[in-house]
Amino acid sequence: MIFVPLGTQAMDFTRCLKMLDDMILHYDIKEDVIVQMGNSNYQSGNFKIIPFLPEEEFTKCIGEASVVISHAGSGALFGAIKRHKKLIAVARLKEYHEMVDDHQTELVKKLSEGGYIIDGTHSLVEAWAKLDGFEPRENDFECEITPRLVQLIEGWMNYDNQ
Amino acid sequence: MERLNNIVFFACSEGGHFAQMMALSPMFAKYHSVLVTDNYRANKEMKALKDIEEIAIVGGTADSRKKNVGKKHNDSRWTYWRGYLKLFGQCRRVLKKYRPKVIVSTGSNIAVPLFWLGKFMGCKLAFIETRAHVYNKSLTGKLVGGISDVVIVQWPEMLNVYKKAEYYGVLV
């Protein structure tokens with residue numbers, strides 16, 4: 001199954017759905033495609049559309065998917081990386097009124113250059129071709145933010161108590 | 001100035017900001033922690049929130065966003081600003097109620113009224129720039145980076161973007 005989560009933003013993302021339709025026809029994909037569409041208005045005989053999914057079902061769909069094609073929200077991207085999924089990301093762009101700015105392209109650039117995901121922002125047909133032989137890089141991110149915050153807060157609390 | 005309480009606010013808007021805050025959940029048990037969010041689904045049944053003392057929901061901008069759902073191309077600035085004013089009022093109320101010594105935020109817009117009002121109360125402010133921004137400041141960062149006591153960025157490329165930037169990896 002191919003899972004396509006497009007987020008919960010109020011803004012339309014029809015461009016991505018059209019690209020998805022093109023991709024399915026171009027490669028004659030027979031696998032089930034499930035789209036969590038959000039607030040776009042689109043219909044297609046090529047995939048199953050669900051506007052929103054409860055969290056447990058969302059997680060289940062990610063787990064069962066062979067490939068995830070997603071909008072470029074940080075939750076969707078890191079969620080797939082954590083579970084070592086093959087992910088194609090489509091950044092929402094300002095010029096098509098998909099987002100108020102182009103910041104989604106920043107994370108897509110960073111993570112696709114790092115080998116974690118494939119960039120499908122401008123063409124899903126091209127991105128799908130790159131899946132062959134693509135093995136996503138393991139989640140090797142590290143984080144020491146919590147201990148630093150604990151240290152800072154300790155200092156602030158004590159300073160004020162003197 | 002009235003004394004502040006030994007309370008820590010953890011403030012985040014819904015979506016990715018909320019998810020990043022949940023990655024900090026091991027900290028919640030250490031303090032009298034109050035989660036301030038516009039995510040209506042936040043409740044203490046959630047595993048990550050079991051150690052949160054209290055949850056304060058501030059609707060504001062999230063309310064107005066919901067009303068706009070489905071309407072194409074909706075740029076009603078008036079609705080937005082009305083939501084923002086409401087958020088401001090709600091943030092003022094929770095700050096007065098708890099008088100926290102520290103505010104930690106992963107953004108986004110909820111941090112703006114909390115940090116500015118909190119600054120005047122003498123709160124210590126820790127801003128965690130979202131992992132979604134790799135090369136440039138977020139709008140929230142532009143508005144609160146300067147008054148924060150520390151800005152924690154999540155990509156090394158961002159170290160030069162803020163004066164008070166510190167980098168310790170990314171919340172995954």
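1. Before going on, a word on conventions. This is a predicted model, in which local features need pLDDT of at least 70 and side-chain atom pairs count only at pLDDT 80 or more, while totals for chains, interfaces and linings use all residues. Residues are numbered from 1 along each chain as its sequence is written, chains are lettered from A in the order in which they are written, and side-chain values use heavy atoms, without hydrogens and water.

2. Now look at the sheet in chain B. Seven strands form an open, parallel sheet in the order 3-2-1-4-5-6-7; strands are DSSP runs (E, at least two residues) and helices are runs of H or I (at least four), numbered from the N terminus, and two strands pair if DSSP finds at least two bridges between them. Strand 3 (54–57) and strand 7 (165–167) of chain B are the edges, each pairing on one side only.

3. Four bridges join strand 4 (residues 100–107) of chain B to strand 5 (residues 124–128) of chain B. Within strand 5 of chain B, B:Lys124 stands opposite B:Val102.

4. Helix 4 of chain B deserves a look: eight of its 11 residues are buried, including B:Leu114, B:Phe115 and B:Met121. After this helix comes B:Gly122, with a positive phi near 95°.

5. Finally, the two chains meet: 31 residues of chain A are in contact with 40 residues of chain B. About 3,300 Å² is buried between chain A and chain B, and carbon and sulfur atoms give 69% of that area; buried area is the accessible area (1.4 Å probe) that two parts lose on being put together, summed over both. One salt bridge (a side-chain nitrogen of Lys or Arg within 4 Å of a carboxyl oxygen of Asp or Glu) joins A:Arg148 and B:Glu166 at 2.7 Å, N to O.

Key: Buried < 20%, exposed > 50% of the residue type's maximum accessible area, 1.4 Å probe, protein only. Contact = heavy atoms within 4.5 Å.
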